[in-house]
Number of protein chains: 2
Amino acid sequence: MTSIVTMTPLEGPSSRTQVTRKDVARYAGVSTAVVSYVVNDGPKKVAPATEAKVREAIRLLGYRPNAAARALKLGSSKTIGLIIPDNSNPFFSLLAHAVEDAAAALGYALFMTNSDGNLAKEKRNLRSLAARQVDGVILSSVLLYPDLAELESADIPAVLLNHATDAAGFNSVGVDLAGGARIAVEHLISHGHTNIALAMGTNTGNDFDGRELGWRQALTDAGLAEGPIIRSYFTRDGGYEAGKKFLRTVNRPTAIFASSDMQAIGILRALSEGGVSVPEDVALIGFDGSAEAEYSIPSLTTVEQPTRAMAEVAVRALVGASSDTEPEQRIFPTRLLIRRSCGCSVSNGGDSTAVHSLSPLS
Amino acid sequence: MTSIVTMTPLEGPSSRTQVTRKDVARYAGVSTAVVSYVVNDGPKKVAPATEAKVREAIRLLGYRPNAAARALKLGSSKTIGLIIPDNSNPFFSLLAHAVEDAAAALGYALFMTNSDGNLAKEKRNLRSLAARQVDGVILSSVLLYPDLAELESADIPAVLLNHATDAAGFNSVGVDLAGGARIAVEHLISHGHTNIALAMGTNTGNDFDGRELGWRQALTDAGLAEGPIIRSYFTRDGGYEAGKKFLRTVNRPTAIFASSDMQAIGILRALSEGGVSVPEDVALIGFDGSAEAEYSIPSLTTVEQPTRAMAEVAVRALVGASSDTEPEQRIFPTRLLIRRSCGCSVSNGGDSTAVHSLSPLS
């Protein structure tokens, strides 16, 4: 079956690119279409024995399937780029994983990059992905108001993810930050707290962060004075610093709403080191719904963002069949996952997470 | 300066690919080389005003720089692929971030994919990256003994990362798992423990995992009997199950060495719910050195893997200048980060992490 063919001798890596699909097909005794199916994992099925023959030919001849050539021909490399601020933040790694799953479900590979909370790196990543001709980019910007001109000049389909403000001309997907903060603070009020602090981030335009607005609104609606606002980075270390500042506060509040789970984890550590018990001395609620929040001690009551649903909508808006409709802003409601840090007593073991309520759409 | 040029009318996205670099250059009144420098962010600098002119021309004409065409021409897209088992495991997200930084330092973009602990998905990702003509792949396999034939048939430069066994023909980078386990168990023995359990994973070929060998060796060397081995997934949930099993153990050990930080975090929760204090009732040491381990309560003593150094060596082995040497197996030593869960008393606040010792190279 396998016939010997005359080949250009292979003399090094550089000559390998000269081996074509046709050479592989001849060597394996199959059609070039079959080689294509094996290389692209479809669209048609290939019998295992035939696939083995083709793979052996690919290996022997040093053939490297050329996506670049295919991309030129097809005008598409079936790839989505994702830019997130920090993959080592569990919230973003969860979100990235959800985006990857949603992309895979539509036949797209995901190329993920970090911006490290750095605007210059975010722009560089955007240009790099556009230059590599990905089909589109999902941008979770480090900025509350991303540089839309930059996004426009990259001239690539884009969707803003984890984005709660209007972005003219672009699809955007986010959560109702204000609504989420409100149900968290209302829950703390229902526990009898009247002096409630806010642990807020420093790395966005804070004045307009919905979490701050929601915290303030809930206090105002209940006729309560505003507790102190403690600003720190959206990290464990930032939360730890915030917790230490909180311990030094005059007229110390009895409850804290933290605007990220990472901050809440750091606050827990600072309070524990300061001999302050959660929830007995101070109640605490986080924001994000990351896996780590479930495993802190005490387990963390938190406002959950629906990462999976957000990722699916973002991917479909970018490359789904119905993507040529008007740009749209999708805001998802959040829900409060009740565990122990707020002062509720939940049963041990099993599913110790109770869902409090859905916040209304803003 | 900007002269009006006659252009093929743009009538939709499909015609955009017809706009060339030459069109952009004419419209902006610059040479095509300058367009190239702007698009590729180098190698030569372009004056800000000129860059603005080029970017405006790119935007107006709807030009999309064609990486596919460049890749064909250059034979390289300056891109590395990374395959890891699970990006939402903090150890792997840390490792991925370190790889991305190391790649960026050498001018390479990183395209990251997850295998979800699934061998079929790992293979699919490998083929997809090879077909997209990345310059090389760094594979952190779900298997203790990766499918090297698969890696060979993908015909793409590859380095195995987080890999501690010999892989004929491939560069590999890993840690001294046995040595790391040994210093952890020896440390528990130095605290007076004589009955030490092992929490081990189930998702690799466990019989040959160095952590199990190191645990056994340390006990044997000290003349101690082996404690129970509790097998569970390398996740928080897996650790939680392991912790509950541990609580039901007859002749319950007074110390646990957990083979991942994630497992240790889950064990902490199970023990806390069972009213068992760490380290007072049971001492605990983890493995990995993830950020989460620093923030658990009590903070987790753990065997740290040098992720940054491992990532740098892996990237350099793949695309560095001296990459055409013989395939090499690099095994890094680990170190014990002493915190509270082992029973040591460390000072509050500041740098509460003490380094115990370096394990010898295996």
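Begin with chain A as a whole, where buried residues make up 55% of the 362 residues; a residue is buried if 20 or more other C-beta atoms, placed from the backbone, lie within 10 Å of its own. This is a predicted model, in which local features need pLDDT of at least 70 and side-chain atom pairs count only at pLDDT 80 or more, while totals for chains, interfaces and linings use all residues. Residues are numbered from 1 along each chain as its sequence is written, and chains are lettered from A and ligands numbered from 1 in the order in which they are written.

**Chain A: a helix and its end**

Select residues 21-28 of chain A, which form helix H1, and look at A:Asp23, A:Val24, A:Arg26, A:Tyr27 and A:Ala28, which are buried. Move on to A:Gly29, which follows H1(A) and has a positive phi, near 70°.

**Chain A: the open sheet**

Next select the six strands that form an open sheet in the order E2-E1-E3-E4-E5-E11 of chain A, with parallel pairing; two strands pair if DSSP finds at least two bridges between them. Strand E2 (109-114) and strand E11 (329-332) of chain A stand at the edges, and because each has a single partner strand, one side of each is left without a neighbour in the sheet. From one strand to the next the twist averages 15°, with axes being lines fitted to C-alpha atoms, for helices over the stretch in contact, and angles running from 0 to 180 degrees between N-to-C directions.

Within this sheet, show strand E3 (residues 136-139) and strand E4 (residues 158-161) of chain A, which pair in the parallel sense over three bridges; the bridge partner of A:Val137 in E4(A) is A:Ala158.

**Chain A: strand E10 and its partners**

Now select strand E10 (residues 301-304) of chain A, from which A:Thr301 and A:Val303 point one way and A:Thr302 and A:Glu304 the other way, all of them buried. Strand E9 (residues 283-288) of chain A pairs with E10(A) in the parallel sense over four bridges, and A:Gly286 stands opposite A:Thr302. With strand E12 (residues 335-338) of chain A, in contrast, E10(A) pairs in the antiparallel sense over three bridges, and there A:Val303 has A:Leu336 as its bridge partner.

Turn to chain B and select helix H13 (residues 307-319), which lies across E1, E3, E4, E5 and E11 of chain B and runs at about 165° to E4(B).

To see where the helices meet, display side chains including B:Leu94, B:Leu95 and B:Ala98 in H5(B), and B:Thr307, B:Arg308 and B:Ala311 in H13(B); two residues are in contact if their C-beta atoms, placed from the backbone, lie within 7 Å.

Note on methods:
Helices (H or I, at least four residues) and strands (E, at least two) are DSSP runs, numbered from the N terminus. A residue is buried if 20 or more other C-beta atoms lie within 10 Å of its own, exposed if 12 or fewer, and partly exposed in between; C-beta atoms are placed from the backbone.
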